[in-house]
Amino acid sequence: MQAFQVLWRRSRVYTLTGFMLLVSVPVLFVLLALDPRTVDGINVWLKPIKFHVSLGLYALTLAYFRGWMSGPARGSWFQRAVTMAFVIAIVFESLWLICASALGVRAHFNVDGGLYTAL
């Protein structure tokens, strides 16, 4: 619990993002166990699991290292903009991976045309 408090003090946004991603992993494992569909021979839920674990740990790492920034840098508009850009990108990526898995399509390198290619 002390680690959570340290991370929370350093960056609430990164900590919340990281923990939300990691908390979703058990749910994705249940889906992995229940859904036998595959894309290119790999279960459709494996990719979201890997991304949620890696991005969740990355967000917590960013929260930890944010504590080493100087006070003015930590509160700057640029740092807040970078943090928000990261969170928006991660939330979009996570939602897209889950949607692609639910639809049973490739999430990355999908050249089937239209919206899939754009995403």
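Leaving aside its neighbours within four places in sequence, which residues is L60 in contact with? L60 touches L7, Y14, T15, G18, F19 and L22, where contact means heavy atoms within 4.5 Å.

## About the model

This is a predicted model, in which local features need pLDDT of at least 70 and side-chain atom pairs count only at pLDDT 80 or more, while totals for chains, interfaces and linings use all residues. Residues are numbered from 1 along each chain as its sequence is written, and side-chain values use heavy atoms, leaving out hydrogens and water.

## The nonpolar cores

L60 also belongs to the largest nonpolar core, whose ten residues are L7, Y14, L21, L55, A59, L60, A63, F86, V87 and I90. Such a core is a set of buried Ala, Val, Leu, Ile, Met, Phe, Trp, Tyr and Cys residues joined through side-chain atoms within 4.5 Å; buried means under 20% relative accessible area (1.4 Å probe, protein chains only). Helix α3 gives the largest share of this core, four residues.

A second, separate core has six residues, among them V25, L28, V44 and W45.

## Where α3 meets α5

Now to a pair of helices (DSSP runs of H or I, at least four residues, numbered from the N terminus). The axes of α3 (residues 46-66) and α5 (residues 77-103) come within 10 Å and cross at roughly 165°. That makes α3 roughly antiparallel to α5, a term for angles over 145 degrees, taken between N-to-C directions on a scale from 0 to 180 degrees, with axes fitted to C-alpha atoms over the stretch in contact.

Residues of this contact include F51, L55 and Y58 of α3, and F86, I90 and L97 of α5.

Conventions:
Helix = DSSP H or I, 4+ residues; strand = E, 2+ residues; numbered from the N terminus. Parallel < 35°, antiparallel > 145°, perpendicular 65-115°, else oblique. Buried < 20%, exposed > 50% of the residue type's maximum accessible area, 1.4 Å probe, protein only.
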